[in-house]
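Reader: I am new to reading protein structures. Could we go through this one together, a question at a time?

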Amino acid sequence: MKQWFCSVPVLALLLWAGPGYGQQANDVYQVLRDGDGAAQFAPVVPGYTLDFPQDHGPHPDFRIEWWYLTANLEGANGQHYGVHFTLFRQALFAQQQGLEHASPWASGQSWMAHAAISQGDKHLYEERFARGGIGQAGVQSQPVFDAWLDDWQWLGDGPSPLPGQLTLSIQGQPLTLQLSSNKPWVLHGEQGFSQKSEQGQASYYYSQPSINIVGQWQPRTGDSVALTGQGWLDREWSSQPLAENQSGWDWFSLQLADGHKLMAFRLRHSDTEQHYYSGSWITPEHKVTPLNSDDIQLTPTGFDVIDTAQGEKRIPTGWQLSLPTLKRQWQIKARSANAWLDTLFPYWEGPVQVFDNKQAVGVGYLEMTGY
Amino acid sequence: MRSLLWSWLTLLSHYRRHPSQTLFLLLGLITGVALWSAVHIINAHARASYAEADQLLDAQASHWIQAPNGRVALSDYVALRRAGFRQVYPVLELRLSTLDNQPLTLIATDLMAMSASRTSPTQEQSNSRVDMRAWSQLSQPPYAVWVPASLANSLPLQAGQRLTLRDGRQLPPAVTDSQPRQGQRLFMDIGAAAITLGETHLSYLAVGAIDPAELKRLDQWLNQYAPQLKRRSNQQPLDLTELTASLHIHLNAMSLLAFAVGLFIVFNAVRFALHSRASTLTTLRELGVSARTLTSAIVLEGFTLSLIGTALGLAAGFGLSQLLLPAVAATLQHLYGAVLDQRLLLQPQVLLQAWLLTSVGLLMALVWPLWQRSRQGVLAQRQGVDVLQQEQRSQRRLAISAAVLLAIALLSYPWLNSLAHGFALLAALLFAGAWLLPWLASQCLHWLSQNAKPGLAQWCWAEGQVQLGPLRPALMAMLLALTANFGVDNLVGSFRQALDNWLQQRIAADVYVQSEQLDAHQLSQYAWLLDSHERNGLRLRWQGRPTLIRGLDPSAPDVQQLPMASQSYPQGGAAWPDDGILANEQVQHLAGKQLGDVIYLPLGNGEQQRFTLAGFYYDYGNPYFQFYLPYQRVAQLWPNAQPQGLALWLDEDANMTEVEQALVEAGAQPGDWIDRRAILQLSLRIFDRTFAMTAAINTLTFAVAGIALLAALLAIHQQRLPHYAHWRAMGVSWREWLQLTAVPLALCLMLTWVLSIPLGSALAWLLIHDINVLSFGWTMPLQWQGRPALLLALLCLGVTAIAFAIAALQVRQRLPYALKQLGADE
């Protein structure tokens with residue numbers, strides 16, 4: 001009796017994993033590496049000029065894409081809240097020309113969304129799926145920016161997501177955030193062309209690391225909490241972002257008290273200790289210095305053992321991040337180890353604090369996959 | 001204790017020395033238990049399935065959201081999801097027909113929407129790779145359709161093949177796979193189904209587990225934004241349990257009959273085993289074993305046998321139920337829309353019940369001979385008594401019991417009002433017949449023997465009397481099997497005839513169209529259109545049962561010739577009485593309403609409307625109550641009534657291609673219409689499927705009776721082998737032997753067959769007149785058919801000939817040895 005129900009996540013997994021499934025049965029992230037499957041989709045090439053607000057909308061010719069918000073917020077009750085919301089789009093198969101108009105069901109697009117809130121050691125999250133084409137989920141940038149899945153919605157005031165409003169409920173508990181920014185968009189890598197490996201895997205990647213947020217959280221019990229703070233929006237799309245030997249990544253978005261921002265990640269190689277590093281050092285005015293493997297050093301300094309659906313996992317929750325060329329160094333600590341999402345694509349995503357010689361100098365978000 | 005153990009072991013050693021007896025004893029037990037348990041397992045399984053009928057593909061569906069026209073707009077579904085009703089998921093349920101008019105049901109849903117949001121660690125991870133590949137096939141071109149293995153076999157359809165539908169469309173490649181709750185339905189991804197079959201709307205929406213506050217919000221939302229959509233709480237589990245109760249009682253009764261026939265073999269085997277151990281028993285008594293210990297040992301033996309028989313019988317029954325399940329599942333799905341899982345489970349209570357049933361049966365078989373023995377002294381047992389006298393006494397006793405049973409049955413008949421009573425009457429009739437048979441046969445033999453010329457003929461009839469004793473249970477089993485077969489053949493034949501006649505009248509139009517977009521007026525321009533009839537209707541609940549209201553044109557040709565069971569107003573152009581309403585027979589027989597009775601039907605606004613019952617029409621196969629009213633009246637009383645199809649009468653020379661072309665031009669889509677021939681074929685096919693199970697059980701019952709006869713003959717001949725040796729020694733030739741043994745046997749079986757005809761007719765009469773009406777609310781005339789009787793005579797003859805030939809062959813092999821024994825004795 002149980003079997004059918006079990007199969008539902010499995011189905012979703014398959015939809016998401018696509019035809020490449022089966023080579024690495026246990027790794028749902030294989031879809032990000034599948035080179036054969038990627039050939040049906042548009043390639044990511046250098047020299048593309050990002051075009052706003054057009055590029056805030058979806059890129060259905062590419063295989064995978066996301067709208068990814070993380071935020072460190074302060075409650076009126078004095079408590080710290082971490083929030084993240086992600087909308088993923090994935091093309092299950094390349095759309096045959098003309099067929100998309102034949103039937104709304106003919107769309108090859110599928111959607112997945114995650115929302116999570118953490119406060120102290122508490123961590124609530126929810127995952128949703130929807131097929132594309134029928135209007136149950138989607139993103140558009142005209143006439144106004146609108147990204148939605150069921151009743152989760154990010155609605156812009158105009159064609160840009162900012163300013164805008166995000167309306168969610170996490171396990172039935174409503175969360176609304178007003179989002180705005182007066183800073184320019186930050187393009188990573190070469191004008192938004194962000195390389196992910198020496199073999200040429202890449203994505204288009206831009207961010208808004210300075211988002212002012214005012215919001216409201218209504219927990220199931222107790223009074224509603226007014227929230228204020230800083231958010232970070234990442235936009236990325238690709239057809240094959242990972243190389244075959246890349247087993248996962250550690251990604252940091254840090255907002256320093258002096259107004260600087262830092263995005264840094266390492267893609268871990270399964271066959272060598274030489275991992276792939278990349279990042280952006282962003283001034284308060286959003287001037288960007290791209291960082292590469294020579295500029296970034298990342299060392300885990302503390303671990304926690306977490307209970308997950310796949311068993312116990314040892315997760316690095318303390319890090320030392322150095323930028324030797326810029327002569328900067330920080331200690332980064334997760335606010336709580338309890339930030340694992342046992343979603344279809346399981347990962348750790350949680351708020352962190354940034355220290356410089358034991359002095360708190362900033363906040364941020366850390367995402368770790370492949371553990 | 002010790003003496004009990006030794007007595008028990010001594011008694012059991014008999015079975016080691018006589019493997020054929022052991023075989024027949026167990027065969028009787030196993031076949032009886034197997035047939036009973038197979039039906040029981042299926043029934044229990046079906047009932048368990050109804051309890052889960054509020055689940056769709058294993059997700060709970062506590063409510064349905066439906067549009068009156070059966071088509072929910074995709075935009076309404078999406079709006080509901082975007083309003084936060086994540087418990088709602090879309091369903092496409094389509095009735096399809098194959099090229100050769102096999103009815104199929106396709107169910108499709110959006111598995112992505114159904115996947116509940118996961119908010120906590122889940123341990124349930126399936127790791128079946130085959131499943132995964134199937135899943136991915138479902139949702140991506142060229143898509144796939146999941147076909148349950150038994151359905152794939154019956155179509156037949158190989159994995160990877162595409163099923164072609166009657167209208168020429170093709171389904172995606174088949175994958176032979178099925179999941180819980182899929183039943184005998186095809187399953188597809190909803191997107192794939194919508195694209196493949198060109199569906200633009202959804203059939204309905206299912207609502208999963210929902211809390212009362214959300215439900216209230218859902219009702220408000222529907223009221224405000226989609227008033228055409230109606231939420232209906234899922235009463236399927238309740239309805240199905242009620243609607244199918246009769247069918248399950250039928251099946252149960254048949255299985256009990258099979259069990260009874262099996263028990264006759266056991267009776268025979270047990271009694272023969274006791275008889276042939278008479279000397280062993282006496283020796284044990286002489287050795288000082290008390291009568292009580294001996295009886296205990298025999299009872300213990302009975303329990304040992306029942307344990308073995310039950311275990312093997314259940315194993316066989318489980319296998320058999322797997323074979324019979326598709327037929328039952330198809331019946332339930334087509335008649336009641338009930339979905340049965342394809343996976344059967346053996347429940348512990350079935351084990352216990354089967355064992356109890358066997359034990360009781362064995363005890364019954366043992367009690368009589370044990371009681372007889374207990375009345376005789378040890379010495380009397382050694383000396384033996386007049387077997388023939390004893391046999392005649394028991395024949396008389398049986399005949400008197402039969403007469404009493406018949407009298408009780410006849411006297412209680414006027415009070416017949418429940419199904420259980422009906423089946424009790426059936427059982428009384430059957431057993432009275434069975435008990436009367438030996439006495440009748442004996443009287444017949446006696447008369448023949450009195451009137452025969454002295455010599456071989458007289459000897460022959462006297463020999464018949466001797467054989468009659470041991471043959472008695474086998475004859476009774478044969479009578480039961482013949483009677484049941486003849487009775488049910490007549491029932492099925494009558495029903496098929498009635499259904500066929502009824503369909504010919506009811507399905508009078510040439511083409512039936514079911515289409516939303518069809519503009520019926522556009523068709524009136526064609527010369528080939530002689531007449532048309534448009535219906536409307538809705539579904540509501542009346543007297544706690546799903547009820548259909550249909551609006552029709554009283555002057556339409558098919559209404560003019562509506563097959564009526566009874567009516568109080570003249571048909572043929574007469575005006576429809578003001579508050580008159582026509583109801584199907586089910587209303588008369590199941591709801592107990594009579595002509596002229598006043599009934600009240602609920603209107604949509606919460607009020608009730610008064611009607612007077614003006615007539616009852618035949619409505620075979622409909623598990624629901626149904627009422628007919630004029631089209632306008634339905635439209636006026638129930639504004640939410642929706643079109644229920646259009647019937648077209650065509651000119652004889654009408655070209656079907658032309659008609660189809662006109663239908664398409666008028667807005668219908670291929671697949672929206674079905675012609676008369678196809679609909680008749682479809683109906684009769686569903687009918688035949690419904691009775692496939694009956695036929696299967698009957699055939700098996702007949703086989704069991706055949707085995708009983710063989711067992712009895714083998715036992716008789718083994719017992720009488722020393723006599724045969726004497727005969728041989730006296731110069732009786734092989735031919736004469738054949739005549740002496742075969743002729744009385746043939747006579748007995750002929751008598752059995754003759755008796756089965758009135759008994760079977762009475763059975764059919766009772767089934768049609770009373771049991772069927774009580775179960776389904778249908779009446780029909782009994783069409784007495786002679787052909788099944790002749791066919792059964794041939795079958796009976798064949799089975800007897802085979803059994804006799806095997807037994808005779810054994811005698812021939814053993815006779816020289818018996819002759820040698822004879823010599824040795826002397």
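Reader: In which sense do strand 5 and strand 6 of chain B pair?
Author: This is a predicted model, and in it strand 5 covers residues 88–97 of chain B while strand 6 covers residues 103–109 of chain B. One facing pair to look for is Leu92(B) opposite Ala108(B) in strand 6 of chain B. The two strands are joined over 7 bridges, and the sense of their pairing is antiparallel.

Reader: Which residue in the turn of that hairpin has a positive phi?
Author: Strand 5 and strand 6 of chain B form a hairpin, with 5 residues between them. In the turn, a positive phi of about 65° belongs to Asn101(B).

Reader: How many of the 8 residues of helix 7 of chain B are buried?
Author: A residue counts as buried if 20 or more other C-beta atoms lie within 10 Å of its own. In helix 7 of chain B, the buried residues include Ile190(B), Ala193(B) and Thr196(B). Helix 7 (residues 190–197) of chain B is largely enclosed by the rest of the structure, because the number of its residues that are buried is 7 of the 8.

Reader: Which residue follows helix 7 of chain B?
Author: Look for a residue with a positive phi, near 65°. The residue that follows helix 7 of chain B is Gly198(B).

Reader: How far apart in space are Arg787(B) and Asp489(B), C-alpha to C-alpha?
Author: In sequence, Arg787(B) and Asp489(B) are 298 residues apart. In space, C-alpha to C-alpha, their separation is 9.6 Å.

Reader: In which helix of chain B is confidence lowest?
Author: The mean pLDDT of chain B is 80, and 87% of its residues reach 70 or more. Confidence in chain B is highest in helix 3 (residues 74–82), at 94. With a mean of 55, the place where confidence is lowest in chain B is helix 13 (residues 378–383).

Methods:
Residues numbered from 1 in each chain as written. Chains lettered and ligands numbered in written order. Predicted model: local features only at pLDDT ≥ 70, side-chain atom pairs only at ≥ 80, totals over all residues. Pairing = 2+ DSSP bridges. Helix = DSSP H or I, 4+ residues; strand = E, 2+ residues; numbered from the N terminus. Buried ≥ 20, exposed ≤ 12 C-beta atoms within 10 Å, placed from the backbone. pLDDT = per-residue confidence, 0-100.
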